[in-house]
There are 2 protein chains.
Amino acid sequence: MKRFGALEAGGTKMVCAVGDETGRILDRVSLPTLTPAETMPAMIDYFRDKGISALGIGCFGPVDLNRASPTYGYITSTPKLSWQNYPIVEKFREALGIPVGFDTDVNAAALGEATWGCTRDVQNSIYITVGTGVGVGVIIDGKPYHGMMHPEGGHVLLNRHPDDPMVGSGCPFHDNCMEGLAAGPSLEKRWGVKGAELSGRKEVWELEAYYIGQAIVDYMMVLSPERIILGGGVTHQECLLPMVRREVEKQLGGYLRCPALENLDTYIVPVSLNDNQGAMGAIKLAMEELGVYN
Amino acid sequence: MKRFGALEAGGTKMVCAVGDETGRILDRVSLPTLTPAETMPAMIDYFRDKGISALGIGCFGPVDLNRASPTYGYITSTPKLSWQNYPIVEKFREALGIPVGFDTDVNAAALGEATWGCTRDVQNSIYITVGTGVGVGVIIDGKPYHGMMHPEGGHVLLNRHPDDPMVGSGCPFHDNCMEGLAAGPSLEKRWGVKGAELSGRKEVWELEAYYIGQAIVDYMMVLSPERIILGGGVTHQECLLPMVRREVEKQLGGYLRCPALENLDTYIVPVSLNDNQGAMGAIKLAMEELGVYN
């Protein structure tokens, strides 16, 4: 059975893994994200002797996914300056001499779930991660959707709750976007304490569910997905998912009628791949780049 | 050259037309939308002797577009009671004995523009109509996108402007959705006068541009379209489109960087087919149903 390399390229760590055509992860290391000059050789060393047929990368962004563009496969205007305008795909292709598949980190996670996880039985789904930032991976007809660039669903503009005590938002670009109101750093800014101290406070999670629920209504109106996965560090708070479902129901206002929406417990679901969805999606990207379609 | 029937099925009128494979409209009539018992025979009479090879319908909704569903081709929970749960596709197919293509009214208009109009050079676009209601047709990979049901982009939830004098909204389901804040009836409710009297009032169109611009930012974040068409009765107000572009730029906050966004004049554009886009899209639906792909 062929083996594939998977890279989850993040702003703080680089998770390198090897897996097979069934999505099974055979090996994995995590490296800190330093400069390209420091981190690229270490990653290349890891992948070089693993007998992989192709590499897939789910990458922090923004990235250029347009194959017709001269900067395809580049990390573009990231605030991590040493990675700005960095041709990550080309560098790996040159160093390893194998095909390199490429997509955003959230699209890779969405693809992992859509290939081997809880959305494998539907064609159109979204994967939302609420953590340090908010990202939305969009699967249409079984494939990651890009459009002109790639969706940036974390920056939909929301209606601020009148009782929200936060001044401004956590997003430098938008006063009222989803990421600025609901990502982890925004919670800490709003309540003035570390995330770990927020766990038992009902008002914290009610407001959080209000924003996540509102964003989900927007995604439903625009994309009409068949299922929605909600993941990311903030969602480790166990009380949150049921509260989000209640908010979605409330804010939909009875407008959409569809059998799948009669039970939101099976419509808005947690991740199913034990946080392997990103690496597994990257394996799938590698397989597709090699032309090994499942 | 083959001829095709086109039906723009609306809540107040039914526009029946005949066209050819190039999208040219050869004939057209408009009938009032009464009950099915009254209006269906009149439409069938119109199409019966026109020598058409297939019929395409762009229909008011909600409708069932899922070909695997037992109610495929039905108008479903419309407030127009006599058309509720009406199998419009089946009735035409039985009466005319030809293939019948079917989609929402906004998807048909989006498809008309994407086939013969101002989005024919891109693969992913959206068509927004702001009139009696707000609808969003979504084209992905050149085809109308449905997802689980069909997008209902008119009901994205917006941040209400603090100076908005309207109490409540024009939507019975949502206090702050795009349709409830920006459709024609909402304007009349907000300002207390008929639409025709609003034309010269700057504050009216500034607020309207604020809502339309905000919704467009949301569509851009979720769908990343390559171009956006803005149509519908409300947009006949000529000052509006430039104001909408300015609002989009302002509310994007410099977040998305892409060559196509450097000039919003060519990114957010008016309809290009002289309000034939719905009929022409219906012709395309008929052609596709017959298997005559352009």
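User: Hi! What kind of model is this, and how are residues numbered?

Analyst: It is a predicted model, where local features need pLDDT of at least 70, side-chain atom pairs count only at pLDDT 80 or more, and totals for chains, interfaces and linings use all residues. Residues are numbered from 1 along each chain as its sequence is written, chains are lettered from A and ligands numbered from 1 in the order in which they are written, and side-chain values use heavy atoms, leaving out hydrogens and water.

User: What rotation superposes chain B on chain A?

Analyst: A rotation of 180° with 0.0 Å of shift along its axis does it, with an RMSD of 0.0 Å (least squares on the C-alpha atoms of residues with pLDDT of at least 70 in both copies). That is the relation of a two-fold axis. In chain B, Asn159(B) comes closest to the axis, at 2.0 Å for its C-alpha.

User: How many residues are in contact between the chains?

Analyst: 42 residues of chain B are in contact with 42 residues of chain A, contact being heavy atoms within 4.5 Å. Since 100% of the interface residues of chain B are also interface residues in chain A, the copies meet through the same surface.

User: And how much area do they bury?

Analyst: Chain B and chain A bury about 3,600 Å² between them, 64% of it on carbon and sulfur atoms. Buried area here is the accessible area (1.4 Å probe) that two parts lose on being put together, summed over both.

User: Which element of chain B gives the most to that side?

Analyst: The elements of chain B that each supply at least two residues are β7 (134-140), α6 (202-223) and α7 (240-252). α6(B) gives the most, with 7 residues. Helices (H or I, at least four residues) and strands (E, at least two) are DSSP runs, numbered from the N terminus.

User: New topic: is Gln251(A) buried or exposed?

Analyst: Gln251(A) counts as buried, at 13% relative accessibility (buried means under 20% relative accessible area, exposed over 50%, partly exposed in between, with a 1.4 Å probe and protein chains only). Gln251(A) is found in helix α7 of chain A. Beyond its neighbours within four places in sequence, its contacts include Tyr210(A), Leu157(B) and His174(B).

User: Where is there a cis peptide bond in chain A?

Analyst: One joins Gly61(A) and Pro62(A), with omega about 0°. Pro62(A) lies in the loop between β4 (52-59) and α2 (88-96) of chain A.
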